[in-house]
There are 2 protein chains.
Amino acid sequence: MTSRKTVDFEAIFHPKSVAIVGASNNRLKFAGLFVRALLDFGFAGEVYPVNPQEPEVAGLRAYPTVLDIPGSVGFGIITVPAAAVPRALEHCLAKGVKAAEILSAGFSECGEEGRKLENEVIRIARKGIPVIGPNCFGVYCPAGGLTLMPGPDFSTETGPVALISQSGGHAQEVAREAIAWGVRFSKVVSYGNACDLNEADYLEYLASDPETAVIAAYIEGPRDGRRFMELAKTATETKPVMVWKAGLTDEGAKAVNSHTGSLGGEESTWRAFFKQTGAIRIEDKDELIDAAMAFVRLPQSIGPRVAVVGGGGGMSVAAADACARVGLTVPPFPDAVTERLRMALPPVGNSIRNPVDVGVPVVAPKVFHQVLEAAASAPNIDVVIATQTIHLFMSAKMGSLAHAVASMADESREAVVTVAKEYGKPVVMVLPVGSTETESLDIEKARREFRDFYVEHGIPVYPSLERAARGVAHVVHYYQWRVDGRRASWRAREPSAWDGDASGA
Amino acid sequence: MTSRKTVDFEAIFHPKSVAIVGASNNRLKFAGLFVRALLDFGFAGEVYPVNPQEPEVAGLRAYPTVLDIPGSVGFGIITVPAAAVPRALEHCLAKGVKAAEILSAGFSECGEEGRKLENEVIRIARKGIPVIGPNCFGVYCPAGGLTLMPGPDFSTETGPVALISQSGGHAQEVAREAIAWGVRFSKVVSYGNACDLNEADYLEYLASDPETAVIAAYIEGPRDGRRFMELAKTATETKPVMVWKAGLTDEGAKAVNSHTGSLGGEESTWRAFFKQTGAIRIEDKDELIDAAMAFVRLPQSIGPRVAVVGGGGGMSVAAADACARVGLTVPPFPDAVTERLRMALPPVGNSIRNPVDVGVPVVAPKVFHQVLEAAASAPNIDVVIATQTIHLFMSAKMGSLAHAVASMADESREAVVTVAKEYGKPVVMVLPVGSTETESLDIEKARREFRDFYVEHGIPVYPSLERAARGVAHVVHYYQWRVDGRRASWRAREPSAWDGDASGA
């Protein structure tokens, strides 16, 4: 690869105009979905559909080729079949388009013929038009008005997290889900086969991008692993870099080859990568989202000492196990805190040790407030993790009590916000799904509204204690690593999880 | 403990009448919720509230003590404060009540005074009234009309899974969630402090219970570990026995002690337990539900060879990794199957290898059907796991296409049922949540309806590929163990996950 210092990423992320080559009126196809997605998302500049068969696409005048477009074009989006891509890219180059993304598949992931086409694309790109893709879902950049295929409904708010993903499906799913849980993105790049711009180019850009504070990557097979590693070493000194390296099992490695025509690299190489760079090792989609949420919402200086507040002794045990597994501790409270808890809670059916079990199904808001305050006041506690069981607030069987219970719910969530503010100590909320019956969709609605309320108030929310603990742990370990360089994850002690052959054979 | 051969479990699970001691009209208290729960659930026999302060509870005549009840009483449910429990139990004994559950807390989990009360309870129980609890949520037995506190809305259908749980919260949550995913229970027993009947007594009964084919247990600290182990050795020869042993980390062990006054036992002891008994090691609530679903829905003879069908190359890689991690394989298809897939799918943008990536966002039902058929037809495949992304069927942005897309959704799910039937090969469906925005609750509704449709047709459903693979793997490994005795879980190769001290220190 040539050095990418000269790539104009501004043209990619904030184009003034885009041409969509292959734009179509057929909404059952990607290209048809995509042109409408971009318009619905609210891209503010000019949109030029390019399609020689259609005079008009999505109500916009269409042009036979990029060269026929009257104005200048900042960014090219190419969706035509693979065989037609080189010509389309040549046109973009001739037109002076500053960069292009090639969404079309049918390149090196499809054998020899596809590889030849990809080489052709590389040859054209080198003449002066940087290329994202091919075989990708493109770019989501709210500040630039760009969305991933086919995400018309993604948030238009910008935020501190950047995601690069070799898989378009994962890019889209991670973004969609993380947005719902309150994470906002600076840029998401689905980069597919990475024939021209690759993971190292994006990392280099994002490491110095002022809009980006947290970097996440989904990688199948790196194109420039050495440079990526060198860049990661530097980037992790100022920004957390999370890497979900897929295909580290034998079966996964085979699938990687068939997906993006990549060779995934040895497990031992990646183990060394994480050890040497301080990048944060991620193992699946949920974990990526959970860690992103934690990095965005939690302060950098938190330690590993957690107070857990919830209902039910079984929950307490599960919470303690979950914390211990990711290297967090659940220390005993000082006597003064225990005394406050003793005053707040009835003498039986609960536990005033840490984890605190409030015991009853619908705890009075005042009691919940006092318990949270006591936990947050403990000098030996860095983070409070509290669970709320929404389905008990919402039970249709409450009958005449429904109104009173709803007001208790409101007061309880206000208590969380108040305590988080007053004590300046991070409070992490857990809202378990609790109830997935088809007829109890109202409970899920209430749960999502609770989540939205907390997210609006800057409080991170997770669907389970295990996931909350894991998210918190990533933040704790990363900043500990920044201080003492020892390790950036509890996984350093779990070699077996790296075992490529975990089969029972 | 005395031998429990003489316990009349029939009286516990199928009582003709129950007395609820401490029944109250205050629905913000457990006891108040519970009496209504039992009535709403539809207990068919006589219900006698016992409360000296109330002439009537929930519209039923209340009695000052159990001794004042005119008829005979089969089962006693005791919810009064701990100090009043021995007297209530004495009354039950005197009345000839055949067994009792003590829901009240405040016993050995609360220090010396509580321990004395518990000893008092044990003394009375030994005189001839077997006791469940104290500090528990009771019994759910649909065939007997009994429900757990406070589950008025649990399914009234009976099924093959039995669950015993030292935690009431976990018993309730596991039951609620598993029911929603199509699992039905023979019995669920929340047994709390297990002062009289303990985990070994329940296991002994369930091992020979004709209504129970699959046994699950959540255990914090066993009361009779040696007998439990001996019984498990025999039980696993005919029924899968899943054990979620909580508190195996240091932090978890401390929480166990505070919850049910138990000592959890050494990690090495439990490692030996799993190795010697062939019981299935479970690590959290989701896993218990996933495994139960798999044991109920999958045939016993399946092997580890999985075909994965889904949309998106990233999904394929994640699926292959997920399968490999739990000891499943994703073998290449024979040429004839590859050829069928080549005919069914367009030449680019997908993968006809295993995992199959159908490539496009909304695949035509006919194509989906052909792909499933091809995968199911492969002689080297034991199970087909297929994902469906409901949010693409449901996108409100589809506008005029909404109707056509809805009918595609219907045809697609019919295809799944048809293929599963025709090929007699298990098809496991994955329905990812996909979209948790508060405004897109219609998508979640559609997803749950899809789930219910599949469940009705006997097809197991999971919310993620990782969970599907783990569920399938438990069945595969357990029956392999029954054949060759080697190991009952892929976890036998993961000693580190047992590490009680996984902290970063």
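Modeller: A charge counts as sitting over a ring if NZ of Lys or CZ of Arg is within 6 Å of the ring centre and within 35 degrees of the ring normal. The model here is predicted. R451(B) lies over the face of W181(B). The distance from the ring centre is 5.0 Å.

Chain A has a case with a lysine. K187(A) lies over the face of F13(A), and the distance to the ring centre is 5.3 Å. F13(A) also belongs to an aromatic cluster.

Now the ring pairs. Over all chains, the structure holds 40 aromatic pairs. Y140(A) and F154(A) form one of them. Where do the two rings sit? Y140(A) lies in strand β8 (residues 138-140) of chain A. F154(A) lies in the loop between β8 and β9 (161-165) of chain A. The pair therefore ties together parts that are 14 residues apart in sequence. Both Y140(A) and F154(A) are buried.

W270(A) and F274(A) form a tilted pair. Here the centres are 6.3 Å apart, with 45° between the planes. Both residues lie in helix α9 (residues 267-277) of chain A. They are four residues apart, which is about one turn of the helix. W270(A) has a relative accessible area of 5%, so it counts as buried. F274(A) is buried too, at 10%.

Next, the backbone. Most residues other than glycine have a negative phi, and most peptide bonds are trans. A few spots here depart from that pattern.

Take the peptide bonds. The bond from N354(A) to P355(A) is cis, with omega near 0°. P355(A) lies in the loop between α12 (335-344) and β15 (356-357) of chain A. Chain B has a cis bond between N354(B) and P355(B), with omega about 0°. P355(B) is in the loop between α12 (335-344) and β15 (356-357) of chain B.

Then the phi angles. A58(A) is not a glycine, yet its phi is positive, near 50°. A58(A) sits in the loop between β3 (56-57) and β4 (60-61) of chain A. Its relative accessibility is 24%, so A58(A) counts as partly exposed. A194(B) also has a positive phi near 50° without being a glycine. The place of A194(B) is in the loop between β10 (185-190) and α6 (199-207) of chain B. How accessible is A194(B), and is it buried or exposed? At 2% relative accessibility, A194(B) counts as buried.

E373(B) is found in α13 (residues 365-377) of chain B. E373(B) counts as buried because its relative accessibility is 18%, and the cut-off for buried is under 20%. Set aside its neighbours within four places in sequence, and E373(B) is in contact with R340(B), V419(B), E422(B) and Y423(B).

Methods
Residues are numbered from 1 along each chain as its sequence is written. Chains are lettered from A and ligands numbered from 1 in the order in which they are written. This is a predicted model: local features need pLDDT of at least 70, side-chain atom pairs count only at pLDDT 80 or more; totals for chains, interfaces and linings use all residues. Side-chain values use heavy atoms; hydrogens and water are left out. Helices (H or I, at least four residues) and strands (E, at least two) are DSSP runs, numbered from the N terminus. Buried means under 20% relative accessible area, exposed over 50%, partly exposed in between (1.4 Å probe, protein chains only). Contact means heavy atoms within 4.5 Å. Rings of Phe, Tyr and Trp (its six-membered ring) pair if their centres lie within 6.5 Å; planes under 30 degrees apart count as stacked, over 60 as edge-to-face and the rest as tilted.
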